[in-house]
Amino acid sequence: MGEPSLSTYQRALESLWKKFTNEETWLAFGEGTVKITLTILAAWLIVKVGKIAIHNFFIIRSKAPLTFSERRENTLLKLIENVLAYVVYFIALVNILGVLTFDVKGLIAGAGVLGLAIGFGAQSLVKDVITGFFIIFEDQFSVGDFVRIGQFEGTVEEIGLRTTKLKVWTGEIHILPNGSIIEVTNFSLHNSVAVVDIGIAYEENVEKAEKVINELLETLKDKYPEIVDTPKLLGIQTLASDVTLRITAETTPMNHWYVARMMRKDIKECLDANGIEIPYPRMVMYSRTEQETQAGSKQAKSGGTA
């Protein structure tokens with residue numbers, strides 16, 4: 001084939017020139033630009049007004065005479081805002097593609113087929129995302145909560161739609177796929193209970209010990225703000241090598257370990273001040289010479305009496 005003639009180039013340039021100088025072309029371009037601009041502004045305005053309305057709704061809800069969980073409300077607020085933004089911007093994108101004369105139906109159908117293929121190939125990922133959504137929506141646990149998930153126990157550092165990050169007390173971060181989370185124990189939702197067992201010697205007066213301990217327990221609520229209610233002495237828990245008294249105290253969430261340590265210290269000092277002995281292991285050693293001397297004196301006495 002030979003090279004295109006000069007007349008062919010001229011006809012192409014004339015056609016292009018006519019197209020760009022055509023009034024209908026510029027009217028269509030201007031109309032499309034206005035439509036795209038208005039679509040973007042409308043989407044931004046809808047998201048802005050929608051977020052304000054959602055905030056106002058949750059403010060009114062927080063003032064209602066019903067149980068209000070700030071953690072749950074903040075999680076749902078953020079989730080609803082993101083869903084609103086995604087839906088509105090997706091609709092705006094579809095409208096813009098329609099203005100640009102793209103085959104929107106074909107694109108949506110192709111995206112559906114592609115999504116279906118990805119879903120079959122990444123079932124574990126889909127499971128993780130769906131589980132993560134329900135964890136957030138149902139407020140099973142939140143960032144900062146102390147939870148037990150399977151064999152791991154620690155503080156929640158981050159919750160995502162796919163993974164959850166858990167920090168144990170030794171500093172390690174465990175990243176758990178949400179799809180593997182089957183059972184969760186949340187220690188931060190309700191008050192905790194500190195349990196303290198105190199042993200006293202059998203030789204001591206139990207009633208006196210209980211009276212002294214009860215007097216001390218009356219003062220602990222004012223001393224430690226973490227204690228919700230006055231600690232209670234339940235009574236004798238066990239009779240083994242000592243007499244074990246059990247004490248319980250309701251505390252704010254996750255403060256039962258601290259309160260239990262402080263209570264043991266205060267009770268130890270109180271019992272010492274009142275001369276009540278807390279039994280401890282003792283080792284008594286006898287020398288062989290002393291044993292023989294004692295045995296000889298016993299024989300002598302028995303012989304003298306005979």
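Biologist: Is Trp257 buried, partly exposed or exposed in this model?

Modeller: The model is predicted, and the label rests on relative accessible area: buried means under 20%, exposed over 50%, and partly exposed lies in between. Trp257 has a relative accessible area of 44%, so Trp257 is partly exposed. Phe146 has 14%, so Phe146 is buried.

Biologist: How are the rings of Phe146 and Trp257 arranged?

Modeller: Two values are read for a ring pair, the distance between centres and the angle between planes; an angle over 60 degrees counts as edge-to-face. For Phe146 and Trp257 the centres are 5.8 Å apart and the planes stand at 75°, so this pair is edge-to-face. The structure holds three aromatic pairs.

Biologist: Which parts of the chain does the pair link?

Modeller: Phe146 lies in strand β1 (residues 146-149) and Trp257 in helix α7 (residues 256-273). The two residues are 111 residues apart, and the pair links distant parts of the chain. Together with Phe187, they form one aromatic cluster.

Biologist: Which residues of α5 are buried?

Modeller: Asp128, Gly132, Ile135 and Ile136 are buried in α5. Looking down the helix axis then shows how they are placed: the buried residues fall within an arc of 90°, so they line one face of α5.

Biologist: How far does helix α5 reach from its first C-alpha to its last?

Modeller: The span is compared with the one expected at 1.5 Å a residue. Helix α5 covers residues 123-137, which is 15 residues, and reaches 21 Å, close to the expected 21 Å.

Biologist: What is the phi of Asp139, which follows α5?

Modeller: The phi of Asp139 is positive, near 55°.

Methods
Residues numbered from 1 in each chain as written. Predicted model: local features only at pLDDT ≥ 70, side-chain atom pairs only at ≥ 80, totals over all residues. Heavy atoms only, no water. Phe/Tyr/Trp six-rings, centres within 6.5 Å; stacked < 30°, edge-to-face > 60°. Helix = DSSP H or I, 4+ residues; strand = E, 2+ residues; numbered from the N terminus. Buried < 20%, exposed > 50% of the residue type's maximum accessible area, 1.4 Å probe, protein only. Expected span 1.5 Å × (residues − 1). Arc of directions from axis to C-beta.
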